Amino acid sequence: MRYLRSFWYDFIVGDSWETAVGVVAALGATWFIIEHHASLSEALGPLFAAAIIVIMVISLIRK
Amino acid sequence: MSGLFLLTASFLASSVEMVEALTIILATGITRGWRSALIGAALASVVLALIILVFGAALTTFIPLDLLRLIVGGFLLIFGMQWLRKSILRYAGLKALHDEDRIFREEVSELSKVSPSGTGAMDWVGFTVAFKGVLLEGLEVAFIVITFGSSAGSEGVGGLSGVGLATAGAVAALILVLIAGLVLHRPLAKVPENTMKFAVGLVLMAFGTFWGGEGAGIEWAWGEGAILALLVTYGALGWGAVHVLRREARATVSA
């Protein structure tokens with residue numbers, strides 16, 4: 001069980017917790033906005049991808 | 001298109017992990033005996049196959065596709081970003097490259113210090129190390145096969161689709177690495193692990209963004225064509241990041 005716990009920790013948090021937190025926040029925010037403004041469902045695609053890029057850049061800067 | 005990507009990503013990811021598992025099996029086999037090492041590795045492979053079978057079936061049967069894609073997309077994104085980030089840092093020289101020869105020597109040295117345990121041809125230390133090594137390296141592969149396969153939809157290659165197609169990619173990698181290991185009888189240090197990790201990281205990120213976005217309600221303007229656009233964008237970002245960080249690392253050294 002210790003190894004499984006270590007696997008999941010390494011898998012989700014790894015050496016960059018910003019990635020996991022950022023992805024969950026970006027997905028949650030996208031879902032929330034589309035739930036309340038369905039007309040934005042197409043426009044949010046590029047913004048969501050841009051958010052992922054920002055998260056990646058932050059995790060690289062904080063290396 | 002997604003069927004071919006699924007097969008390739010599963011094959012590449014599995015190859016990387018199998019190369020690492022092979023190093024452990026070789027070190028265990030040489031120091032503790034082949035019987036214990038191979039039984040441990042075989043049993044771990046059976047456990048991994050059962051995990052894929054049970055969780056693969058459960059996910060696709062009980063969870064609605066939109067919710068599945070939201071959850072799986074999130075996991076693939078996190079996983080893909082971790083792999084891409086590591087390979088970027090390794091390319092830039094900010095993180096040590098995975099050295100199978102060094103790991104092999106360390107494993108052999110560690111295992112040689114432990115006195116034999118068990119009766120007859122069975123050595124329990126060898127069995128445990130091989131079992132644990134293959135299981136832990138294989139868990140990442142199992143995760144990719146289950147998540148990627150269960151969300152990939154019905155598009156297939158050679159009559160296979162979804163989890164079955166992803167499993168085929170993983171099994172092909174396992175067979176290829178095993179044959180190479182048996183022929184060479186030493187760790188596969190020349191396999192371009194970092195390049196493969198970079199490529200798999202990109203594919204996982206692109207599909208994670210696409211599926212995660214779809215699960216959250218996004219309607220992608222170009223349909224599945226958006227996956228290609230995401231791949232190219234993330235690839236350019238990764239390539240650019242390697243160059244910027246490499247230059248930064250050189251400047252730090254020469255300062």
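Me: How many residues does the contact take from chain B and from chain A?

Reply: Keep in mind that this is a predicted model. Contact here means heavy atoms within 4.5 Å. On that basis the contact takes 33 residues from chain A and 38 residues from chain B.

Me: And what area do chain B and chain A bury between them?

Reply: An interface's size is often quoted as the accessible area lost when the parts come together. Here 77% of the buried area sits on carbon and sulfur atoms. On the chain B side, B:Ile78, B:Met81 and B:Arg85 lose the most area to chain A, together 22% of what that side buries. The total between chain B and chain A is about 3000 Å².

Me: How many salt bridges turn up across the interface of chain B and chain A?

Reply: Side chains of opposite charge can pair when their charged atoms come close. Over all chains, a search of the whole structure gives four salt bridges. Across the interface of chain B and chain A, though, the count is zero.

Me: Which residue meets B:Arg32 in a salt bridge, N to O?

Reply: B:Arg32 lies in helix H1 (residues 2-32) of chain B, and its partner is in the loop between helix H4 (100-113) and H5 of chain B, so the pair ties together parts that are 91 residues apart in sequence. The N to O distance is 3.0 Å, and the partner is B:Asp123.

Me: Which residues of H7(B) meet H3(A)?

Reply: H3(A) passes H7(B) in a right-handed crossing. The contact residues divide into five nonpolar, two polar and no charged. H3(A) brings A:Phe48, A:Ala49, A:Ile52 and A:Met56, and from H7(B) they meet B:Met205, B:Thr209 and B:Gly213.

Me: Is H2(A) roughly antiparallel or roughly parallel to H3(A)?

Reply: Helix H2 (residues 17-36) of chain A packs on H3(A) with the axes 9 Å apart, at an angle of about 165 degrees. Angles over 145 count as roughly antiparallel. So H2(A), relative to H3(A), is roughly antiparallel.

Me: How many charged residues does the contact of H2(A) with H3(A) have?

Reply: Among the residues of H2(A) that meet H3(A) are A:Glu18, A:Gly22 and A:Leu27, while the H3(A) side includes A:Phe48 and A:Ser59. By class there are nine nonpolar and four polar residues, and the charged count is one.

Me: Last one: how far apart are the axes of H5 and H6 of chain B?

Reply: The crossing of H5(B) and H6(B) is right-handed. Residues that meet there include B:Val141 and B:Gly149 in H5(B), with B:Gly162 and B:Ala170 in H6(B). Helix H5 (residues 124-151) and helix H6 (residues 162-184) pack at an angle of about 145 degrees, and their axes are apart by 7 Å.

Definitions and conventions:
Residues numbered from 1 in each chain as written. Chains lettered and ligands numbered in written order. Predicted model: local features only at pLDDT ≥ 70, side-chain atom pairs only at ≥ 80, totals over all residues. Heavy atoms only, no water. Left-handed = near helix turned anticlockwise from the far one by under 90°. Helix = DSSP H or I, 4+ residues; strand = E, 2+ residues; numbered from the N terminus. Nonpolar A, V, L, I, M, F, W, Y, C, P; charged D, E, K, R; others polar. Buried area = accessible area lost by both parts, 1.4 Å probe. Salt bridge = Lys/Arg side-chain N within 4 Å of Asp/Glu carboxyl O. Axes fitted to C-alpha atoms, helices over the stretch in contact; angles between N-to-C directions. Parallel < 35°, antiparallel > 145°, perpendicular 65-115°, else oblique.
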